[in-house]
Amino acid sequence: MAAPFKVGLVQMTAARDAEPNIRMARDLVRQAKAQGADFILTPENTGMMEPNKPVLLQKAKPEAEHPLLPAFAELAKETGAWLLLGSIAVKLDATSCANRSFLFDPQGRVAARYDKIHMFDVDLKAGESYRESATFRPGREAVVADLPWGRLGLTICYDLRFAYLYRALAKGGASFITVPAAFTRPTGEAHWHVLLRARAIETGAFIFAPAQCGEHAEGRKTFGHSLIVSPWGEVLADGGLEPGVVTAMIDPAKVEEARGMIPALRHDREFSGPATATVLRAAGE
């Protein structure tokens with residue numbers, strides 16, 4: 001059984017350009033390492049929070065030219081930690097990007113990539129509306145990667161609402177699942193904690209969810225509350241509302257303990273339907 005390790009979540013308020021975000025993320029990753037973190041994660045949109053879609057497409061870079069990748073590769077080597085770059089906008093062509101997460105090993109090598117599958121296309125109250133699919137191309141593949149302590153499943157933000165993805169990752173061997181996010185304030189207040197705890201309980205996995213917080217360009221507000229959740233659904237750390245770092249010790253044995261008590265991942269059943277109920281008339285009608 002793998003030994004316990006410390007995870008550190010970076011919570012930040014990303015600006016609309018890469019350079020200040022690199023500086024901010026670098027400082028916070030170093031803080032997490034100073035607190036003993038072996039695996040450090042940053043939020044969704046670590047590279048930029050650019051609300052203007054045409055401008056975002058102008059600023060976005062292909063993977064080979066993206067400034068955050070060499071910066072994070074060096075940071076992984078400097079700290080000797082496993083490092084998850086929560087997500088960046090990777091330009092695919094003139095009209096679309098991928099919302100892509102990168103896992104770096106302690107030698108600064110990219111160990112895994114994941115493109116966000118589910119696009120955040122919603123209409124909230126007070127005219128707050130988002131169309132992620134207007135700029136981003138959805139991914140098509142679930143991803144797991146091996147860490148020294150067990151297998152990791154990768155997701156991003158809005159993926160959180162699609163429980164089947166998390167079940168698939170757990171069935172693929174994931175003991176830990178990442179959810180870097182930039183949750184809006186209204187949806188975060190209503191759903192963030194309960195959804196993350198539910199995904200942990202359903203899968204018997206640890207959930208690591210680093211989040212954006214505060215107010216960004218053009219008034220966009222994100223919820224914060226980076227969470228580390230145990231396989232039993234316990235909140236081990238909560239980042240609150242301000243930028244910073246939260247850490248927790250992770251015991252991989254807790255995964256098998258939770259799955260042993262409630263082996264729901266082995267209890268799938270085939271079923272048909274749903275069928276439309278038929279109203280049966282009484283005799284004589």
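Me: What makes helix 4 oblique to helix 5?

Reply: In this predicted model, the axes of helix 4 (residues 163-171) and helix 5 (residues 185-203) cross at roughly 40° and come within 9 Å. Angles under 35 degrees count as roughly parallel, over 145 as roughly antiparallel, 65 to 115 as roughly perpendicular and the rest as oblique, and therefore helix 4 is called oblique to helix 5. Axes here are lines fitted to C-alpha atoms, for helices over the stretch in contact, with angles running from 0 to 180 degrees between N-to-C directions, while helices are DSSP runs of H or I with at least four residues and strands are runs of E with at least two, numbered from the N terminus.

Me: Which residues make the contact of helix 4 with helix 5?

Reply: Ala163, Tyr166, Arg167 and Ala170 of helix 4 meet Arg199, Glu202 and Thr203 of helix 5, where contact means heavy atoms within 4.5 Å.

Me: How do you know whether Ser230 is buried or exposed?

Reply: Ser230 has a relative accessible area of 4%, and buried means under 20%, exposed over 50% and partly exposed in between, for a 1.4 Å probe and protein chains only, so Ser230 is buried. Ser230 lies in the loop between strand 14 (227-229) and strand 15 (235-238), and, leaving aside neighbours within four places in sequence, Ser230 is in contact with Ala200, Ala205, Phe206 and Leu236.

Me: What is Ser129 called, given a relative accessible area of 40%?

Reply: Ser129 is called partly exposed because of that value of 40%. Ser129 belongs to strand 7 (residues 129-131), and, with neighbours within four places in sequence set aside, Ser129 is in contact with Val122 and Asp123.

Me: How do you know which residues and values were counted?

Reply: Local features need pLDDT of at least 70 and side-chain atom pairs count only at pLDDT 80 or more, whereas totals for chains, interfaces and linings use all residues. Residues are numbered from 1 along each chain as its sequence is written, and side-chain values use heavy atoms, with hydrogens and water left out.
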